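Try each task before you read its solution.

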Amino acid sequence: MKLLITGGAGFIGSNFIHYILKKYKNYQIINLDKLTYCGNLENLKDIEKNPRYKFIKGDIGDKDLIDNLLKNEKPDAIINFAAMTHVDRSILDAEEFIKTNILGVQILLEASRKYKISRFIQISTDEVYGSILKGKFKETDILDPSSPYSASKAAAELLALSYFKTYNLPVLITRSSNNYGPFQYPEKLIPLFVTNLLENKKVPIYGDGKQVRDWLYVLDNSMAIDLVLHKGKIGEIYNIGGNSEKENIEITKNIFKILGKNKSSIEYVKDRLAHDRRYAIDSSKIKKLGWKPKYKFSEALKITVNWYKNNKNWWKRIKTGEYLKYYQTQYGKK
Ligand code: NAD
Ligand code: DAU
């Protein structure tokens with residue numbers, strides 16, 4: 001099988017590429033990535049010479065490039081990870097979110113239709129449902145996104161499903177909860193807090209820190225996407241939850257415990273606008289396909305913290321330049 005992975009130089013995409021190349025010895029992967037501020041070829045250094053892997057630098061919004069790529073490479077399936085992904089950045093400026101997450105997806109869908117791609121997987125998010133205080137969202141629940149990021153992801157899903165309904169394009173959608181693991185850009189909660197603590201800095205908790213997220217180890221998500229790719233039913237949506245709901249303050253305390261820190265490292269900062277209080281999804285549909293999370297949160301968090309401890313060069317190179325400018329805009333000069 002030949003897979004076109006878009007956004008494969010980012011956090012989940014690069015973990016997924018590693019997973020697939022290791023598991024399927026006859027699969028080929030083309031990775032198309034624009035290398036935005038968070039796309040990083042260092043995530044893929046160990047496989048860059050693998051004859052079954054090819055990297056192409058480019059934008060999913062570049063119509064000619066996508067057309068030529070599909071015409072020449074003839075991938076069997078496309079898995080679209082490419083997106084602008086950080087909620088806080090979408091609140092500061094939504095433009096690139098609309099361009100990549102909506103218009104870029106439309107270009108991928110149109111080319112997929114033209115070249116008769118046999119499976120198109122749109123990687124989406126549990127954030128499209130918005131917040132839920134009690135219970136869990138099912139795939140059939142209405143979408144009620146709160147941020148420009150989640151609204152753009154919801155729009156992309158609806159567009160993808162319209163290509164299934166209108167043109168019979170074999171679209172599938174995954175909605176996962178919050179991922180964590182190696183190679184995650186240190187603007188997201190877990191890598192930001194771990195790396196700040198390793199630098200003896202404070203960790204900025206938004207509001208009261210009692211917001212709840214459902215944490216999913218990135219390898220568990222890779223396994224779920226693999227299953228959807230091979231066994232998922234066309235036109236369907238699959239929730240992928242980690243079954244590990246935690247308040248942000250609890251996650252923070254767990255990280256403190258691993259790194260020998262305490263609450264004196266906390267700095268409460270102003271809350272995110274329209275901050276969703278709780279995310280929770282019901283994953284029984286994908287469980288029926290034969291998936292459940294393998295990793296226990298406490299163990300996978302330790303693996304993750306150790307990875308950042310042992311790969312300081314990876315994140316120290318990131319925490320300069322554009323990153324510092326963003327960090328200062330977000331949290332004020334420190
Ligand atoms: P990330 O920000 O780490 O990586 C995104 C990648 O997309 C980067 O390599 C970037 O260079 C690339 N990219 C951005 N714009 C592009 C464009 N126009 N053309 C080509 N490449 C482009 O993101 P991630 O956390 O790995 O998320 C991957 C996908 O999973 C996204 O679609 C995101 O919405 C979804 N998702 C993420 C999470 C999570 O917890 N991280 C949870 C659910 C869903
Ligand atoms: O739920 C899936 C989503 O998870 C993905 O679709 C997004 O791409 C991904 O960024 C992530 O979104 P969140 O907003 O949930 O993740 P983030 O790591 O930004 O924040 C997690 C929680 O921690 C959230 O309640 C906000 C809070 N937070 C975050 C940061 C960066 C803080 O309290 N302080 C911080 O500095």
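Predicted model: local features only at pLDDT ≥ 70, side-chain atom pairs only at ≥ 80, totals over all residues.

Residues are numbered from 1 along each chain as its sequence is written, chains are lettered from A and ligands numbered from 1 in the order in which they are written, and side-chain values use heavy atoms, with hydrogens and water left out.

**Exercise 1. Describe the surroundings of ligand 1.**

Step 1: find the neighbours. A residue counts as near if one of its heavy atoms lies within 4 Å of the molecule. By that rule 28 residues surround ligand 1, and the closest are Ile12, Asp33, Thr85, Tyr149 and Lys153.

Step 2: look for polar contacts, meaning pairs of N or O atoms within 3.5 Å. A polar side-chain atom of Asp59 lies 2.8 Å from a nitrogen atom of ligand 1. Tyr149 puts a polar side-chain atom 2.7 Å from an oxygen atom of ligand 1. Asn179 uses its backbone: an N or O atom there lies 2.9 Å from an oxygen atom of the ligand.

Step 3: check the cover. On its own, ligand 1 has 830 Å² of accessible area, and the protein covers 97% of that. Such areas come from the Shrake-Rupley method with a 1.4 Å probe.

Step 4: name the elements. α1, β5 (119–125), α5 (148–167) and β7 (178–180) each give two or more residues to the shell. β5 gives the most, with three residues. Helices (H or I, at least four residues) and strands (E, at least two) are DSSP runs, numbered from the N terminus.

Step 5: sort by class. The shell has eleven nonpolar, 13 polar and four charged residues. Here Ala, Val, Leu, Ile, Met, Phe, Trp, Tyr, Cys and Pro count as nonpolar, Asp, Glu, Lys and Arg as charged, and the others, Gly among them, as polar.

**Exercise 2. Do the analysis again for ligand 2.**

Step 1: list the neighbours. 24 residues surround ligand 2. Asp126, Glu127, Tyr149, Arg272 and Tyr331 are the closest.

Step 2: find the contacts. An N or O atom in the side chain of Glu127 is 2.7 Å from an oxygen atom of ligand 2. The side chain of Asn178 also has an N or O atom 2.7 Å from an oxygen atom of the ligand. A polar backbone atom of Pro204 is 2.7 Å from a nitrogen atom of ligand 2.

Step 3: sort by class. The shell divides into ten nonpolar, eight polar and six charged residues.

**Exercise 3. Which residues line the largest cavity?**

Step 1: On a 1 Å grid over the protein atoms alone, a cavity is a set of points where a 1.4 Å probe fits but cannot get out; lining residues have an atom within 4 Å of a point.

Step 2: count and size. There is one cavity of 30 Å³ or more. The largest cavity holds about 50 Å³, a volume being the space filled by probe spheres set on the points.

Step 3: read the lining. Val87, Ile91, Glu127, Ser146, Ser147, Arg272, Leu273, Ala274, His275, Asp276 and Tyr279 line the largest cavity.

**Exercise 4. Which element gives the most to the lining of the second largest pocket?**

Step 1: a pocket is an open set with protein on both sides within 12 Å along at least five of seven lines.

Step 2: of its 13 lining residues, Asn15, His18, Tyr19, Lys22 and Leu219 are the closest to its centre.

Step 3: α1 (11–23) and α7 (218–231) give two or more residues each. α1 gives the most, with five.

Conventions. Polar contact = N/O pair within 3.5 Å; in protein donor to acceptor, adjacent residues only side chain to side chain.
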